[in-house]
Amino acid sequence: MNTEDLFQKSIDHKEKFWKEQAQQISWFKFPETIISEDENNYNQWFTDGELNMSYLCIDQHIEDGFGDDIAIIYDSPVTNQKIKYTYHQLKEEVSKLAGGLQSLGLKKGDTTVIYMPMIPQTLFAMLACARIGVIHNVVFGGFAPQELVVRIDDCKPKALITATAGIEIAKRIPYLPLVEKAIELAQDKVENIIVFNRKLVDNQHEMFEEIIDYQELVDKSEPADYVSVTSGHPLYLLYTSGTTGKPKGITRDTGGYATALKFSMKYIYGIEPGETFWAASDFGWAVGHSYSVYGPLINRNTTIIFEGKPIMTPDAGTFWRIISEYKVAAMFTAPTAIRAIKKEDPEGELVKKYDLSSFKKQFLAGERCDVATLDWFEKHIGVPAIDHWWQTESGSPMLGLMTYNDDYQIKRASAGKPVPGYDIKIFDENGLELDAHHEGYLVIKLPLPPGAMLGIWNDYERFNKSYLSQYKGYYFSGDGAIKDEDGYIFITGRVDDVINVAGHRLSTSEMEEIVSSHPDVAECAVVGIDDDLKGQIPFASVVLKNGSLISEQQIETEIVKKVREKIGAVACLKNVMTVKRLPKTRSGKILRKLIRTIIDGKDFQVPSTIDDEKIIEEIKEKINAYKAHK
Ligand code: COA
Ligand code: AMP
């Protein structure tokens with residue numbers, strides 16, 4: 001079937017299409033009901049089907065005779081380790097940890113927070129939870145304790161699995177002081193704190209009295225068998241930034257997700273079982289869940305856990321070294337990683353050192369990819385760089401190219417066409433569909449296909465308000481987009497308070513809440529401005545309270561520190577400019593887009609609703625002075 005027919009079938013004959021896709025994975029009980037509605041009239045897939053994700057990723061392949069194949073390669077230039085795990089070894093690690101969790105009283109439906117670096121034990125922990133029906137929530141290691149607290153308070157975990165430290169190039173990040181602080185601040189006590197001791201110099205883990213040593217727990221436990229869960233059983237929660245300060249607990253089902261991942265591995269990524277697939281993303285992000293762990297393992301691909309950066313570990317040739325050493329067939333990363341490599345190795349000298357003959361396709365997502373980066377990639381790497389678009393909410397791509405039959409055409413700067421199951425439209429403010437070449441809101445006709453979010457953890461109201469209430473019968477993505485006459489879609493950026501910093505999704509409202517809590521700040525605006533390397537970085541403009549005596553330099557230092565302490569270093573808020581007042585509409589709304597456009601030095605139209613036009617010159621002067629000073 002060609003790509004167009006595949007897509008059309010997924011829209012016109014949803015049930016038939018997804019039933020066929022569901023048949024590509026193993027169920028303990030194949031669903032009789034393909035699509036149905038929950039108590040809020042929101043759609044669910046395969047409700048009466050039963051399966052287990054850990055079985056799909058491990059046991060199934062052993063039963064099929066692939067137990068000695070390599071499931072995982074851990075490559076850590078920062079600790080000089082390279083370790084391979086077969087499916088047999090993976091099963092041993094995962095089932096014993098699962099047994100350990102059961103011995104602590106964890107059972108189907110409980111939640112567990114996993115706050116870990118890029119080490120195999122993180123993946124083991126995810127699969128161990130999945131094996132016994134425990135819902136995991138992986139928290140990105142770059143987040144500060146407060147972010148951990150928000151998640152603990154929201155999902156009330158029975159256990160927290162962590163490690164003694166992460167490593168950022170040469171810098172050790174001790175996790176336990178962060179965990180200790182989070183536990184102090186959290187509303188409820190977490191019963192079980194399990195710590196994997198990395199045995200790195202300077203990182204001891206004696207600080208909690210009742211700490212459970214990960215390795216001891218594994219060593220003394222009996223392996224646990226997989227349990228059967230219903231399709232709608234949450235596999236995990238993954239918190240992501242929204243338009244308010246509080247992150248949203250995106251809830252993912254099991255059966256729809258497994259079906260969607262298997263489908264995407266074959267059709268979108270065009271990857272055969274047995275090949276090596278590498279998504280260079282942290283486990284803490286959606287890409288890490290779907291394409292470092294579950295997608296490749298369901299599809300019986302070797303997956304790579306890389307603990308390092310695209311540059312400086314030890315140089316900008318690391319990606320190419322890994323591709324060549326492990327014969328990677330396709331890889332997935334954020335454009336920012338390629339920009340970082342391009343900056344270090346503009347002439348592609350390091351690329352020439354490696355045999356990249358196994359490498360067929362490069363997938364990019366997480367943020368907009370600039371054409372200059374695509375050009376560099378094409379010139380120096382010589383394999384197709386395929387942009388595609390998705391969100392934590394979808395769990396797998398929504399726009400992209402079907403590469404399974406090699407019958408696809410890349411259009412530069414476009415994130416591709418709607419993938420099967422996603423009936424995408426571009427709407428104007430009133431919900432009217434726009435013609436080609438008009439920018440509008442990217443929306444998706446309900447029902448969303450299998451794999452997309454079940455909802456927001458314990459908060460249907462917020463789910464409804466954030467995604468379903470803008471246009472009846474459609475999912476509101478929060479992204480702006482333009483379609484062309486051939487159906488290719490170009491993402492123009494977020495239309496809300498979300499920004500993407502080096503592929504990390506962050507909320508400017510959350511930053512504004514932190515900035516405003518500074519005792520000298522009367523009001524503020526945080527916007528995402530263009531950055532050559534990271535795509536976007538946050539920029540704060542603050543108005544000081546009357547009578548405040550703090551210097552501009554001091555307020556900047558204090559706010560930068562505060563945001564780093566509350567959100568984490570990944571927030572990358574480094575610029576805080578003091579202004580006399582902020583541009584506003586006559587009704588008092590801050591004109592954030594105007595501030596952003598002026599800072600980026602782009603052309604802008606003065607909004608007709610502006611309260612006082614004179615402020616534009618005032619802000620421009622201030623920005624020029626601020627930039628000159630920096
Ligand atoms: N744990 C602790 N700290 C972390 C961290 C982690 N897991 N990840 C990042 N940080 C820290 C960094 O050490 C840095 O701290 P610093 O300000 O003290 O130097 C800060 O957060 C910013 O990190 P980052 O945005 O990653 O910038 P960088 O300059 O260290 O590296 C890139 C730049 C482009 C190499 C890097 O951002 C990158 O590889 N990005 C790809 C992202 C990606 O794959 N996203 C997945 C979505 S597809
Ligand atoms: P996350 O939920 O962290 O995956 O971030 C999702 C957001 O990243 C989307 O809403 C987009 O704003 C942005 N994004 C993801 N992929 C792309 C892409 N290929 N092009 C442009 N923006 C993207």
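An oxygen atom of ligand 1 lies 3.0 Å from a side-chain N or O atom of lysine 171, a polar contact in the sense of a pair of N or O atoms within 3.5 Å (within protein, one atom must be able to donate a hydrogen and the other to accept it, and residues adjacent in sequence count only if both atoms are side-chain atoms). On its own, ligand 1 has 950 Å² of accessible area, and the protein covers 82% of this; such areas come from the Shrake-Rupley method with a 1.4 Å probe, and for residues only the protein chains shown count as cover.

Please keep in mind that this is a predicted model, in which local features need pLDDT of at least 70, side-chain atom pairs count only at pLDDT 80 or more, and totals for chains, interfaces and linings use all residues. Residues are numbered from 1 along each chain as its sequence is written, chains are lettered from A and ligands numbered from 1 in the order in which they are written, and side-chain values use heavy atoms, with hydrogens and water left out.

**The two ligand sites**

Ligand 2 is surrounded by 14 residues, with His388, Thr392, Asp479, Arg494 and Arg505 the closest. Three of the shell residues are nonpolar, five polar and six charged. Some polar contacts of ligand 2 are set out here.

| Residue | Residue atom | Ligand 2 atom | Distance |
|---|---|---|---|
| Aspartate 387 | polar side-chain atom | nitrogen | 2.8 Å |
| Threonine 392 | side-chain N or O | oxygen | 2.5 Å |
| Arginine 505 | side-chain N or O | oxygen | 2.6 Å |

Of the 490 Å² of accessible area that ligand 2 has on its own, the protein covers 93%.

**Strands and sheets**

Let us turn to the strands. An open sheet of eight strands runs in the order β12-β11-β8-β6-β7-β14-β15-β25, with mixed pairing. Its edges are β12 (212–213) and β25 (455–456); each has a single partner strand, so one side of each is left without a neighbour in the sheet. Strands are DSSP runs of E with at least two residues, helices are runs of H or I with at least four, and both are numbered from the N terminus. Two strands pair if DSSP finds at least two bridges between them. Within this sheet, β14 (residues 236–240) and β15 (residues 248–252) are antiparallel partners over five bridges, and tyrosine 239 faces glycine 249 in β15.

Elsewhere, β16 (residues 276–279) pairs in the parallel sense with β17 (residues 302–306) over two bridges. Phenylalanine 277 has threonine 303 in β17 as its bridge partner. In a regular strand the side chains alternate between the two faces of the sheet. Both faces of β16 are covered, with Thr276 and Trp278 buried on one side and Phe277 and Ala279 buried on the other. Buried means under 20% relative accessible area, exposed over 50%, and partly exposed in between (1.4 Å probe, protein chains only).

**Loops worth a look**

Threonine 585 sits in the loop between β32 (575–578) and α17 (592–599), and counts as buried because its relative accessibility is 9%. Beyond its neighbours within four places in sequence, threonine 585 is in contact with Leu591, Thr609, Ile610 and Asp611, contact being heavy atoms within 4.5 Å. Glycine 601, in the loop between α17 and α18 (614–629), counts as exposed at 61% relative accessibility.

Two cis peptide bonds, each with omega near 0°, join threonine 313 to proline 314 and leucine 446 to proline 447. Proline 314 belongs to the loop between β17 and α11 (318–325), and proline 447 to the loop between β24 (440–445) and β25.

Finally, asparagine 41 has a phi near 65°, a positive value in a residue other than glycine. Asparagine 41 lies between β1 (35–37) and β2 (43–45), in their loop, and is exposed at 57% relative accessibility.

Technical notes: A residue is near a molecule or strand if one of its heavy atoms lies within 4 Å of it. Ala, Val, Leu, Ile, Met, Phe, Trp, Tyr, Cys and Pro count as nonpolar, Asp, Glu, Lys and Arg as charged, and the others, Gly among them, as polar.
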